[in-house]
Amino acid sequence: MAAFHFLPFLLIMILNIFVLIIIQPANADYWPPSPGYYPSSRFPSMSFYQGYRNLWGANHQTVDNNGIRIWLDSSSGSGFKSVKPFRSGYFGASIKLQPGYTAGVITAFYLSNNEAHPGFHDEVDIEFLGTTFGKPYTLQTNVYIRGSGDGRIIGREMKFHLWFDPTQNFHHYAIFWSPKEIIFLVDDVPIRRYPSKSAETFPLRPMWVYGSIWDASSWATEDGKYKADYRYQPFIGKFSNFKASGCSAYAPAWCRPVSASPFRSGGLSSQQYRAMQWVQSHYLVYDYCGDYKRDHSLTPECWR
């Protein structure tokens, strides 16, 4: 009888050992290696009103505990904008996304000078493309230069899935922009580096920092196959832990760009580069330079 009662305990112990030996190492293979350098820790955080103001949809946002909640429903979305423009810097925010059905909905954190240069603007995007039940969000990075996002759109998209569920907790997303390069980071892990190869393919004019949530049903989810469904409204994006450090457009000419790596001159360390390569080999789902349907005469940085 004693041996019979001991059997369930023995089975539980065997199962726990199996989990420790088999399952955990398998999951560990899908977490990025350490980048070895954590730029978000180098720059101070700010409250929302220290650096930002409402841009549109004021009745669809609330500021609380130094962060902001913005939401989209059938009547409106919402957006905010930095109080000053920058010509380089590190721009980050911790963001938590809406779970469930969010097809057609875009939650964005980005740089732009669209209001200063309508129809001929520059833009650097982090956009979360909403999804359907059971499918992951797609994080889209994009760069527009001098009107390539206006009219005849020439985007430079790289899209990723994430190695975590972005609806469960806040994660830090950042854009580093200098005259030499643009680096996109997720929890301090570089996921994309866009170097300056020519004045024609790199944004150099001052830009503001924006956040927004809006309905992009025409293209956001599987090229518009799935639309926003307002039975699931409101769609909420939560932002906190804002960081915006660098040279504002009003800074003196001697203001030097900050760095996202241990090197004052910029670039990535070898450890950061390995982490970026790992993410791109495991979680990259689209690269415009590898899209044979694109006219790459319009994106010469792909072959230079």
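1. Glu157 is buried, because its relative accessible area is 15% and buried means under 20%, with exposed over 50% and partly exposed in between (1.4 Å probe, protein chains only). Its salt-bridge partner is Arg294, with the closest N and O atoms 3.0 Å apart. The criterion for a salt bridge is a side-chain nitrogen of Lys or Arg within 4 Å of a carboxyl oxygen of Asp or Glu. This pair links distant parts of the chain: Glu157 lies in the loop between β8 and β9 (158–160), Arg294 in the segment after β15 (284–287), 137 residues apart. Helices (H or I, at least four residues) and strands (E, at least two) are DSSP runs, numbered from the N terminus. Arg294 has a relative accessible area of 22%, so Arg294 is partly exposed.

2. Basis of the note. This is a predicted model; local features need pLDDT of at least 70 and side-chain atom pairs pLDDT 80 or more, while totals for chains, interfaces and linings use all residues. Residues are numbered from 1 along each chain as its sequence is written, and side-chain values use heavy atoms, leaving out hydrogens and water.

3. Confidence. The chain averages a pLDDT of 91, and 90% of the residues score at least 70. pLDDT is the predictor's confidence in each residue, from 0 to 100. Residues 1–28 stay under 50. For that stretch the model has three contacts beyond four places in sequence, a contact being heavy atoms within 4.5 Å.

4. Other salt bridges. The count is seven. One of them joins Asp122 to Arg205, at 2.8 Å from N to O. Asp122 sits in the loop between β6 and β7, and Arg205 in the loop between β12 (189–195) and β13 (208–215), 83 residues apart. Asp122 counts as buried, because its relative accessibility is 1%.

5. Lys81 has two partners to check. Lys81 is in strand β4 (residues 78–82), Glu115 in the loop between β6 and β7, and 34 residues separate them. Lys81 is buried at 16% relative accessible area. Glu115 counts as partly exposed at 44%. The charged end of Lys81 also sits over the ring of Trp208, 4.7 Å from its centre. That call requires NZ of Lys or CZ of Arg within 6 Å of the ring centre and within 35 degrees of the ring normal. Elsewhere, the charged end of Lys159 sits over the ring of Tyr286, 5.4 Å from the centre.

6. Aromatic pairs. A search of the whole structure finds 22. Rings of Phe, Tyr and Trp (its six-membered ring) pair if their centres lie within 6.5 Å; planes under 30 degrees apart count as stacked, over 60 as edge-to-face and the rest as tilted. Tyr101 and Phe133 have ring centres 5.8 Å apart and planes at 55°, so this pair is tilted. Tyr101 is in the loop between β5 (86–96) and β6 (105–112), Phe133 in the loop between β7 (123–129) and β8 (138–144), 32 residues apart. Tyr101 is buried at 13% relative accessibility, whereas Phe133 is exposed at 52%.

7. Which type of pair do Trp278 and Tyr283 form? Their planes are at 45° and their ring centres 5.8 Å apart, so the pair is tilted. Trp278 and Tyr283 are buried.

8. One aromatic cluster deserves a look. Its members are Phe48, Tyr49, Tyr52, Phe80, Phe239 and Phe242.
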